[in-house]
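Colleague: I would like to go through the contacts in this model. Shall we take them one at a time?

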Amino acid sequence: MTAYLAHYLVMVGIYAILAVSLNLLIGYSGIFSLAHAAIYGIGAYASALVALKLGLGFWGGLVVAAGVGAFASALVAIPSLRVAGDYYVVASFGLQVVVLAVFMNWTDLTNGHAGLPGIPRPNVFGWVIDEPFEYVFLSVAFAALTYAVCWRLTNSAFGRVLQAIRDDEIAAQAMGKNVVQVKIVVASISSALGAMAGSLYAHYITYINPSSFALHESIFIASLVILGGSERLAGPIVGAFVLLAIPEALKFLAIPDTVAAPLRQVIYGALLVAFMLLRPEGLLGRARTQARDGR
Amino acid sequence: MLGLPLALAVAGAIVAAAGSGMLIDRFIYQPLERRGALRTTLFIASLGLLILIENLLAIVFKPDPLRLDVGRLADAVQIGPVFLTWLHLVSVATAAFAYLGLMAFLKYSRWGQAMRAVSSSPEMARTVGIDLRRVHLLTYAVGSAISAPAGILVAMDVGADPYRGTTYVLLASVAVIMGGIGSIPGALLGALFLALLENLGVWKIASEWQSTISFGAFLIFIVLRPRGIFGRKIQSAEI
């Protein structure tokens, strides 16, 4: 039972990192990305490969993962964020598809569908973390670090520029802010943090394959943000606690696996639609001013 | 499953698609629009619907592909040096028919003209007495109805499976943006370009990389010509 609870908490920590970092884009900059699972996967694959092929440890993997994640995101952000926000949704959707194709088809590097087994457990200053409850500390520590980084960022002058862009891009531009540059920077920071979550996941599960980083995973991470409440930094964390509990609850019902997986997605989809209709600000959100003329 | 004739099945598919489009608009999008919901809210609701419907289909029909038996349509035809199946020709004819039909509808029919009016200026359209809600409902009905033949052709060609839709949503959005949002000839050209690119690409590169080719082209394209082939210049403030 303790091991079970520990596993739940580790996963909540990992998803909290993903959701809080994605919220930098969705909630604080008004950029909707559907590629966060791809970034998460890039982090996982980068640190797994670094560990397996180069023999670099946990910290090396983490740094490489964050770097590769930020680079991949900037590669898409630079062309697409120069134009309107709607393009970014499609571009990020595309990034998600392409990255998954790379995981599945570049078999020399990623081993395709079979995935990469035997990723070593992290060694933190001589302490090998191999028990689930030990991993809870690591996962929660990184979630706290992510939260602190995002808190610092959103409460700085840079954070206020972000919110100005979200609320009125033209006005921010008129104030002399370099809107495109700010957006690209925030997309890179968000991706570096998301890729770190991938690194934690790879070293925790010790085995990765492409199916953990597919489009439905991106939508799931976005759901954590939306349902938790994107107006507050803590909203996505609440989202992670609640939504990760749903599959655990479903396990108590005797449903065959072939139905349980789509059923989970049906529940997430229905929750998204219901929240948009009834409580668009999410569980922990405050309502943003809804009235905008001409809509 | 029911063994009904093909013509009836096609009609049923179109009616079902138009009907579900209208239901979604009436009970989800319109209430949101009335409340003045943000654009993102609408987008998230549509994303929720996508995974909800996709996975409901997976539960009801099981995840394996369902294939429509096409009988003689699968036979090959030779036109000059090119080998095709009848199904390929039917696909091209269907696309041409849908395209011309839609253009004629938008240009000559009262409702089509109303749609264009709403698209160019909702306020002006309201002033001259166009019922925005009904135009919206009709737009969803028409848009959904046109997607049904595409679905049937896919079911005939490679089989229908619940999760296939997402790839087509991506490719269709890419085609629309490439063509220029709001331009139907643009969307057609965008689609032609993507299809050509993917199939010429497969000549040299393994077919698993098809989506990568389209997407790479898309990124290059939006750098060079963000407004699309025929589009007006789009600013985020307008959207």
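Colleague: Which helix gives the most to the side of domain 1 of chain B that touches domain 2 of chain B?

Modeller: The model is predicted. In it, eight residues of domain 1 of chain B are in contact with five residues of domain 2 of chain B. On the domain 1 side, three residues come from one helix, the biggest giver, namely helix H3 (residues 86-108) of chain B.

Colleague: How far apart do the C-alpha centres of domain 1 and domain 2 of chain B lie?

Modeller: Chain B is divided into domain 1 (6-162) and domain 2 (164-232). The distance between their C-alpha centres is 19 Å.

Colleague: Which element of chain A gives the largest share of the side that touches chain B?

Modeller: Contacts link 40 residues of chain A with 40 residues of chain B. Among the elements that give two or more residues to the chain A side are helix H3 (58-80), helix H4 (85-105) and helix H12 (257-278). By class, that side has 28 nonpolar, eight polar and four charged residues. The largest share, twelve residues, comes from H12(A).

Colleague: Is H2(A) roughly parallel or oblique to H3(A)?

Modeller: The axes of helix H2 (residues 36-54) of chain A and H3(A) come within 8 Å and cross at roughly 140°. Roughly antiparallel would need an angle over 145 degrees. The arrangement of H2(A) to H3(A) is therefore oblique.

Colleague: How many charged residues has the contact of H2(A) with H3(A)?

Modeller: The crossing is right-handed. Its contact includes Gly43(A) and Ala46(A) of H2(A) and Gly61(A) and Ala65(A) of H3(A). By class there are ten nonpolar and six polar residues, and the number of charged ones is no residues.

Terms used:
Residues numbered from 1 in each chain as written. Chains lettered and ligands numbered in written order. Predicted model: local features only at pLDDT ≥ 70, side-chain atom pairs only at ≥ 80, totals over all residues. Contact = placed C-beta atoms within 7 Å. Helix = DSSP H or I, 4+ residues; strand = E, 2+ residues; numbered from the N terminus. Nonpolar A, V, L, I, M, F, W, Y, C, P; charged D, E, K, R; others polar. Axes fitted to C-alpha atoms, helices over the stretch in contact; angles between N-to-C directions. Parallel < 35°, antiparallel > 145°, perpendicular 65-115°, else oblique. Left-handed = near helix turned anticlockwise from the far one by under 90°. Domains from an automatic or database assignment.
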